[in-house]
Amino acid sequence: MATMADVARSAGVSVATVSHVLNDTRPVLPHTRQAVLDAVEELGYTTNTLARSLVTARTRSIGLAVSAISNPYFTEILQGVEASALEHGYSLLIADPHDDPAHEREVVRLLHERRVDGMIVAPSAEPRELVTYLTRHRVPAVFLDRVVDVPEAEDAPRFDQVCAESAEPTTGLVGHLAALGHRRIGLVAGRPGLSTTRERITGYRHGLAAAGLPFDERLLVHGDSEAAGGERATAELLSLAVPPTALVTANNAMTIGALRALRDRGLSVPGDLALCCFDDFAWADLFSPRLTAVAQPSRDIGAEAVRLVLDRLAAPDRPARTLRLPCTFVHRDSCGCAERPEQLSGQSGEAHAKAHERTLP
C-alpha cells in the first residue's frame, strides 16, 4: 500500500507539501498541487482517515439521525445532506431513531461514540433526553425539520435549527379551499408534540378564522404522521354526522392513508371530497386526480443543515440560528379547480437564498 512518503518521492516534493495538498491546510502552487494529485492517482494512495483523526481530533464525519428514512420527504433531505457533506469533504453516518425518545438517545449516543464531528437530528416529539445528552457532551448539533425550544444557559452549547415554514402554507391551503366554497374543512394532523404538528394546526386555525369559518374540534384528528394513522383519522372524519367536504392532510404519508380510506368507501376526489396536502412527492402528479400540495424545499433543508453544522464547528460560540425556508404551492386538481400556476410563498429553486433567518439571543 502506497504511503504519503511514496507520493512525495513520486511528485518530487516534501511529505509536508503532500499533506497540505490532501488536507487543504496551506496554499500550494497549481503545478505542484497537480503533481501531487497525479502521484496519488498513479500510486493509488488513500488517506488513512483513522490516523488523521488521531492527530487532528476530527473524523470529517457527520452523524445524521432522522426517522422514517423510507419517507420520500426525508429521503430528499438525506440527498441534500449527503451532497453538501461530500462537497465539503465529509462522510455521513446515518441512524433511524424511529421517533422514539429512548431509541433516539441511544442512536445519538452510538453516533457520538463513533466520534462524528457534529450531528444533524430530526428530534422526536419528546426530545428532552436528546437535548440533555447533547448538552452534557457538548456535541455540535443542528435540529432539522422540527424545532425545539431549548433554554439558553450561559455555559450550554447553542443548537442551530433549520426547517420549512409550516403555519403560513397551511393557512394558504385552508384559504384556497374556503375560496372554493367549502365550509367544513377537516385537518388530518401529525403526531402530537412535534413542532410541525403544532405549527400546521396553528395555520389551519388561522386559515379558518381568515375565511370567517368557526373552528370545530371534531374536524381536527391526529393521524400520527403515518399512513395507517392518516387512514384511521380520515375514516373518523368521514363517520361524522356531517362530514367535511374538504380535507387538508399534514404530510405525505397521511395523504396516502387518507386516499386509502376514501377508496375503501368508494368516494372520489374531488367529486366527493376536495383534498390538499402538505408535502409534494415525485408521484403526486401521477395520482388521479393529481394532488394539490405544498412542496417543501427538502434538499435545501438538508444542505442548509450541513452548512449550519460546519459553521458551528468553525465558530462554537457564535449565536444560535433558526432558519426557516419558504414552501411552494403546487396547484393541481385534487382541490377541485382547474390547474394553474400559483404560489403560497417562496420559490423552490431559490429557497436557500430567500430564507428568513432569525438569530436567537
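**Salt bridges and a helix pair in a predicted model**

Good morning. The count of salt bridges in this structure comes to 18. Please keep in mind that the model is predicted.

I begin with helix α1, residues 4-11. Here Arg9 forms a salt bridge with Asp6, and their closest N and O atoms are 2.4 Å apart. The two positions are 3 residues apart in α1, and therefore about one helical turn separates Arg9 from Asp6. Asp6, in turn, is partly exposed at 25% relative accessibility.

The side chains of Arg109 and Glu113 meet in a salt bridge, at 2.4 Å from N to O. Both residues lie in α6, 4 residues apart, which is about one turn of the helix. Arg109 is partly exposed, with a relative accessible area of 23%, and Glu113 is also partly exposed, with a value of 49%.

Arg146 forms a salt bridge with Asp99, with the closest N and O atoms 2.7 Å apart. Arg146 lies in the loop between β4 (141-144) and β5 (160-164), whereas Asp99 lies in the loop between β2 (91-95) and α6 (101-113), so the pair ties together parts that are 47 residues apart in sequence. Are these two partners buried or exposed? Arg146 counts as buried, at 6% relative accessibility. Asp99 counts as buried as well, at 17%, because the cut-off for buried is under 20%.

This pair also belongs to a wider arrangement. Through salt bridges that share partners, Asp99, Asp145, Arg146, Arg191 and Glu226 are joined into one network.

Let me now turn to the helix pair. Two packed helices are described by the angle between their axes and the distance between the axes. For helix α8, residues 167-179, and helix α9, residues 195-210, the axes come within 7 Å and cross at roughly 40°. The two helices are therefore oblique to each other, and their crossing is right-handed.

Which residues make the contact? From α8 these are Ala167, Thr170, Thr171 and Val174, and from α9 they are Glu199, Arg200, Gly203, Tyr204, His206, Gly207 and Leu208.

Thank you for your attention.

Key
Residues numbered from 1 in each chain as written. Predicted model: local features only at pLDDT ≥ 70, side-chain atom pairs only at ≥ 80, totals over all residues. Heavy atoms only, no water. Axes fitted to C-alpha atoms, helices over the stretch in contact; angles between N-to-C directions. Parallel < 35°, antiparallel > 145°, perpendicular 65-115°, else oblique. Left-handed = near helix turned anticlockwise from the far one by under 90°. Contact = heavy atoms within 4.5 Å. Salt bridge = Lys/Arg side-chain N within 4 Å of Asp/Glu carboxyl O. Buried < 20%, exposed > 50% of the residue type's maximum accessible area, 1.4 Å probe, protein only.
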